[in-house]
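The exercises below are to be worked with the sequence and the model open side by side. Each task is followed by a solution in steps.

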Amino acid sequence: MQTKPILEVLARRPQPTPPVWFMRQAGRYLSEYRQVRERAGGFLDLCSNPELAAEVTLQPIRRFGFDAAIIFSDILVVPHALKRTVRFEVGEGPRLDPLADAAALNSLTESADDAVFAPVYETVRRVKAQLPDNVALLGFCGAPWTVATYMVAGQGTPDQAPARILAYREPEAFARMIEILVETSTRYLVGQLKAGADAVQIFDTWAGVLPPAQFERWCIEPTRKLIENVRREIPDAKIIGFPRGAGASLPTFVERSGVSAVSIDWTAEPSLIRDKVQNRVAVQGNLDPLVLLAGGRALDEAVDNILENFGSGPLIFNLGHGILPQTPITHVEQTLKRLRAAR
Ligand code: CP3
């Protein structure tokens, strides 16, 4: 019998009370995070400081007793390792040197700087040593497509149009970048798993902006390859996919990619998920971060709704996307109380 409820669910054994963690659970809605963040210097300095990164990884576990800790880092550590300039402007999000054309894509280096990844592995080892036995440790990376969208645009945009246009105009050069990201992300995930991560999540925040043929080519296929590569080295690796906004394509994503579980957003259609997704793999989700922010009766109802929709199958309770910095702590407490009282 495993002692970590999340690993039970990933093995498709439903738990009486679904285990719970929140995407972006270490972050600005926590005063203890803001304090560490202030003395860490830049955001990337915090990510590459194992002592402080381990501390902020553990903060939400201590405060809320979540069933998983997710290692504190960022998906843009990968372009940083590929020698792209990555900066985080306060209040503005990430800024990278954009990649404007085929020549820029073709000049991308294939060899990632392992020195950028080393502190993340050290953070994994430190957190692992301090974590209670029943709490799972999750590593992660961005999916090749989502990381590519930031590398091309140099920042977040409403619809990641720059990457979509470049992928239409220069499919071969774009495919080269995606391949580099598949190879680099393989090494990065294997490194996190070898350092002690119990499972890893692949964040594809921008999967939902693609038409079906492009979704297949730039989201499913690179994710499938990445998972195949990781399992060549670690055959039983537990991998959670998060193709945000995939909607009606979720069953195809699950079937082809080889994920052990899929994280769904709040727009997912419950009967589709039950009949064509949760019958194959564990499901994670899918509270709307805005109902968590709003609180009150709407929040209680939304929690009950998720339990009704997905609670009888393998379920990891989570948000449908990251927690918002303005979220009151009391609403997180209300959610956990409701969830844990339900059975
Ligand atoms: O979940 C966790 O607690 C682990 C840490 C984590 C961060 N980013 C820390 C972070 C994880 C898993 C991520 C993933 C990530 N990063 C994604 C995929 C998931 C998603 O939310 O869509 C993406 C697209 C990024 C890129 C990124 N990093 C953006 C767009 C931003 C700016 C937006 C924002 O919230 O500020 C970041 C910055 C970032 N990453 C912060 C944190 C805690 C805030 C920066 C700060 O503290 O100053």
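**Exercise 1: Two loop residues**

Arginine 13 sits in the loop between helix 1 and helix 2. The model is a predicted one.

Task: Decide how arginine 13 is classed by accessibility, and state how far it is from isoleucine 202 in sequence and in space.

Solution. Step one: the relative accessible area of arginine 13 is 42%. Step three: arginine 13 and isoleucine 202 are separated by 189 residues in sequence, and their C-alpha atoms are 22 Å apart.

Solution. Step one: proline 314 belongs to the loop between helix 15 (296-310) and strand 9 (315-319). Step two: its relative accessibility is 8%, so proline 314 counts as buried.

**Exercise 2: Backbone geometry**

Task: Which peptide bond at glycine 285 and asparagine 286 is cis or trans, and what is its omega?

Solution. Step one: omega from glycine 285 to asparagine 286 is near -15°, and the bond is cis. Step two: asparagine 286 is part of strand 8 (residues 282-287). Step three: most peptide bonds are trans.

Task: Find the location and the exposure of arginine 24 and of lysine 83, and give the phi of each.

Solution. Step one: arginine 24 is not a glycine, yet its phi is positive, about 60°. Lysine 83, also not a glycine, has a positive phi of about 70°. Step two: most residues other than glycine have a negative phi. Step three: arginine 24 lies in the loop between helix 1 (5-10) and helix 2, while lysine 83 lies in the loop between helix 5 (77-81) and strand 2 (86-89). Step four: arginine 24 has a relative accessible area of 55% and is therefore exposed; lysine 83, at 52%, is exposed as well.

**Exercise 3: The ligand**

Task: How many residues surround the ligand, and which are the closest?

Solution. Step one: the ligand is surrounded by 22 residues. Step two: the closest are Arg24, Arg28, Tyr33, Thr205 and His321.

Task: Give the distances from ligand oxygen atoms to polar atoms of alanine 26, arginine 28 and tyrosine 33.

Solution. Step one: a polar backbone atom of alanine 26 is 3.1 Å from a ligand oxygen. Step two: for arginine 28 a polar side-chain atom is involved, at 2.7 Å. Step three: for tyrosine 33 a polar side-chain atom lies 2.5 Å from a ligand oxygen. Step four: the ligand taken alone exposes 860 Å², of which the protein buries 88%. Step five: the ligand takes up the space of the largest pocket. Helix 2 (31-40) and strand 3 (93-96) each give two or more residues to the shell around the ligand.

**Exercise 4: Cysteines**

Task: How many disulfides does the structure hold?

Solution. Step one: there are zero disulfides. Step two: the cysteine sulfur nearest to that of cysteine 47 belongs to cysteine 141, 14 Å away. Step three: the closest sulfur to cysteine 141 is in cysteine 219, at 12 Å, which is too far for a bond. Step four: cysteine 47 is buried at 2% relative accessible area, and cysteine 141 is buried at 1%.

Key:
Residues numbered from 1 in each chain as written. Predicted model: local features only at pLDDT ≥ 70, side-chain atom pairs only at ≥ 80, totals over all residues. Heavy atoms only, no water. Disulfide = S-S within 2.5 Å. Buried < 20%, exposed > 50% of the residue type's maximum accessible area, 1.4 Å probe, protein only. Near = heavy atom within 4 Å. Polar contact = N/O pair within 3.5 Å; in protein donor to acceptor, adjacent residues only side chain to side chain. Areas by Shrake-Rupley, 256 points an atom, 1.4 Å probe, with all protein chains shown as cover. 1 Å grid on protein atoms, 1.4 Å probe; cavity = no way out; pocket = protein on both sides within 12 Å on 5 of 7 lines; lining within 4 Å. Sits in = over half its atoms within 2 Å of the grid points. Helix = DSSP H or I, 4+ residues; strand = E, 2+ residues; numbered from the N terminus.
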